[in-house]
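Me: I have a model open and would like to talk through how its parts pack. Could you take me through it, one question at a time?

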Amino acid sequence: MFRAVVRTVVPEADALDSAAWDELEGLVSESLRDRPPVLLRGLRLFLRLVQWAPLFRFGRPFTHLDRDRRTRFLAGLQNSRSDLIRVGFWGLRTLALLGYYGREQAARVIGYHANPRGWEAVER
Amino acid sequence: MREREYDIAIIGSGAGGGTVAQELAPLCRDGASIVVLEKGPRLRDDEFNGRELEMAEALYEDGGGLLTADGSLTLAMGCGYGGSTTVYTGTSIAAPQRVIESWNVPGLGYEEVMRRTRKFIEQNDVHYLEEGRINENNRLFVDGCRRLGYDVEQFPINVRGCRGSSLCNLGCPNGAKQGTNRVQLPRAEREGVEVVTRCEVKRLEGRTLIARVTSKPEGGKGEPSPWEAGEYRIRAKLIVVCAGAVNSPALLLRSRLPARLPRLGHGFTAHPALILVAEHERAISNFVGHPKSYYLDQFVESEGFILETCMYFPFTTAKSLRGFGAPHSAFMRAFPRLQMILVLACDRADPANRVTVDRRGRPMVHYRFAPAVKKALARGTLAAARIFFAAGARRVHVPAATQTTVERDDAERLEQIIDERHFRPGGVSVSAAHLQGGCAMGLTTDDSVTDSYGRVHGVPWLFVADASLFPDAIEINPYLTIMALADRVAQRIRQDAGTLLS
């Protein structure tokens, strides 16, 4: 379920192999490790909402939708009139981005090469 | 429960705690025992590797992602030896005269704040970075501002031997930034002050601190605490709370104090900020070089915002862009061509914005975006977008707008596109690192928590010395002013040491 969200938020995630998915999910788990229980409960509940709410609009749960419909559904959450829904989606999106862009490999792919040696590393 | 006893206990080791530790250290020569209790770890120099998530986890409270009660604002607070001075960019500017005067704290004058500020400008090696070391991300900001006739200014910074890693916010991997972790704390330790890391003070029971020392987590960064893991009762004759604008009021709210403090937790401000991004036609130097060299504050009084240069890391950047999917990825793939500007809103103390604690004693920050703050963020976004285009950007990402990507051809329509009505909680990523207020200075318990020397009203042995003392937003990067106020608090303690420690 979470992987389907990540693939929609970051389309490049389709190309990840199983080791990369493990790394991504490990980073997300680690970031949630010490979070308050109320936040974790809210997140689980929101994931359930994302999975089942599309039944009413598209007749299928989120994981059974094509990319276009997944995108439309998540865009609806992002632009919802409800503060709670928007904030919930913001949190879920943040976790997806953390898992994907928190990986060293993702940084390399987008051309981010910060180096502790700074100018020296560039000028060599 | 283990027992310890000191003359003075300082809680926190950031700009406030580190300064107080240094300034009280001479008392050690007269036999006083002083301890600094720091919740976070002390990292070895070789552990600063610039990896975004790893360093954020090691050096920030909640990995830099502490959320306000409604989840609409992310708060970044340093947590470790040196506190937030380990993870700021070293930007060091003095408080504006009009701000100090508007605080209207009896006994606290601008001239005195400046005198103390100058002391730390010298002590922490604050100076301007030489022009040859300014990267294009910063130079483009200057170019854009000058083309628009804006009065751009250079940040004085406190680096010594900066190699331009751009990783300041993840802790300098080269030890160049002169925070309290490099200057004040080592001096204090040399004079006999003890620093105990991984030690979280849970509450005060009178002059006894109830604290917990944790062991180093497996695979975690930093030295183990010098104390064994476990619960401690630490008796002190005098306590100085320097845990920051969230944790200082939260600690006092959890504690049994012999005084009624109705203003405790009130007056929280944060300079909420948006990270804005623009794409240029060609690669620019952005993730090399000091990230924050210039700022624009000419609109602070008229429109309530400041612009600063900035450069963040992949996840932080991704989070700051609105939206998702292919358009979001297109900006991320352009990383080497990205220019960034930070828009900070100068929020005002607001009755809705305060620190409380939940049933378990955890801090809860309640923050509402006042209409003036939304407007300031929108006006700041507009000014930043103009600067981006004036600097030659091909397109600009604007999070609170009718469309999130504005191409150069649409630059004339920015005024119609960017609108505070699109600024809605959860719709835009807003973060804050300048957390202030909660234990404000003032005259009585009706208007404040402490007097102008940081002494808590009605509790002569309890002081506060950090950004929580600010009665309202400082409207600049706060560190030098925190140090100046901490210096003032420490001087009063030294003057009264005979009585306070007897």
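This is a predicted model: local features need pLDDT of at least 70, side-chain atom pairs count only at pLDDT 80 or more; totals for chains, interfaces and linings use all residues.

Me: Which word describes how α5(A) lies relative to α6(A)?

Reply: The angle between these two helices is about 125°. Angles of 65 to 115 degrees count as roughly perpendicular and those over 145 as roughly antiparallel. The angle therefore makes α5(A) to α6(A) oblique.

Me: Which residues of α6(A) meet α5(A)?

Reply: On the α5(A) side, the residues are A:L74, A:L77 and A:Q78. The contact of α5(A) with α6(A) divides into four nonpolar, one polar and one charged residues. The partners in α6(A) are A:I85, A:R86 and A:F89.

Me: What about α2(A) and α6(A): in which hand does α2(A) pass α6(A)?

Reply: These helices pack at an angle of about 125°, with 8 Å between their axes. α2(A) and α6(A) are therefore oblique to each other. The crossing of α2(A) past α6(A) is right-handed.

Me: How many nonpolar residues are there in the contact of α2(A) with α6(A)?

Reply: From α2(A) come A:L24, A:E25, A:L27, A:V28 and A:S31, while α6(A) gives A:L95, A:L98, A:G99 and A:Y100. Two of these residues are polar and one is charged. The nonpolar ones number six.

Me: Stepping back to the whole chain, what share of the residues of chain A count as buried?

Reply: Chain A has eight helices and zero strands. Its C-alpha trace spans about 60 × 35 × 30 Å along the principal axes. Of contacts in the chain between residues at least 6 apart in sequence, those joining residues at least 24 apart make up 57%. Of its 124 residues, the buried share is 31%.

Me: Which element gives the largest share of the side of chain A that touches chain B?

Reply: The contact draws 37 residues from chain A and 35 residues from chain B. Elements of chain A that give two or more residues to this side include α1 (2–9), α2 (18–32) and α5 (67–78). By class, the side has 20 nonpolar, 11 polar and six charged residues. The largest share, 11 residues, comes from α6(A).

Me: Turning to chain B, how many residues does domain 2 of chain B give to its contact with domain 1 of chain B?

Reply: Domain 1 of chain B covers 2–62 + 75–125 + 168–265 + 438–500, and domain 2 covers 131–159 + 273–346 + 370–424. Taken over C-alpha atoms, the centres of these domains of chain B are 32 Å apart. On the side of domain 1 of chain B that touches domain 2 of chain B, there are five nonpolar, six polar and four charged residues. Domain 1 of chain B gives 15 residues to the contact, and domain 2 of chain B gives 12.

Technical notes: Residues are numbered from 1 along each chain as its sequence is written. Chains are lettered from A and ligands numbered from 1 in the order in which they are written. Two residues are in contact if their C-beta atoms, placed from the backbone, lie within 7 Å. Helices (H or I, at least four residues) and strands (E, at least two) are DSSP runs, numbered from the N terminus. Ala, Val, Leu, Ile, Met, Phe, Trp, Tyr, Cys and Pro count as nonpolar, Asp, Glu, Lys and Arg as charged, and the others, Gly among them, as polar. Domain bounds come from an automatic or database domain assignment. Axes are lines fitted to C-alpha atoms, for helices over the stretch in contact, and angles run from 0 to 180 degrees between N-to-C directions. Angles under 35 degrees count as roughly parallel, over 145 as roughly antiparallel, 65 to 115 as roughly perpendicular and the rest as oblique. A crossing is left-handed if the near helix is turned anticlockwise from the far one by less than a right angle, and right-handed if clockwise. A residue is buried if 20 or more other C-beta atoms lie within 10 Å of its own, exposed if 12 or fewer, and partly exposed in between; C-beta atoms are placed from the backbone.
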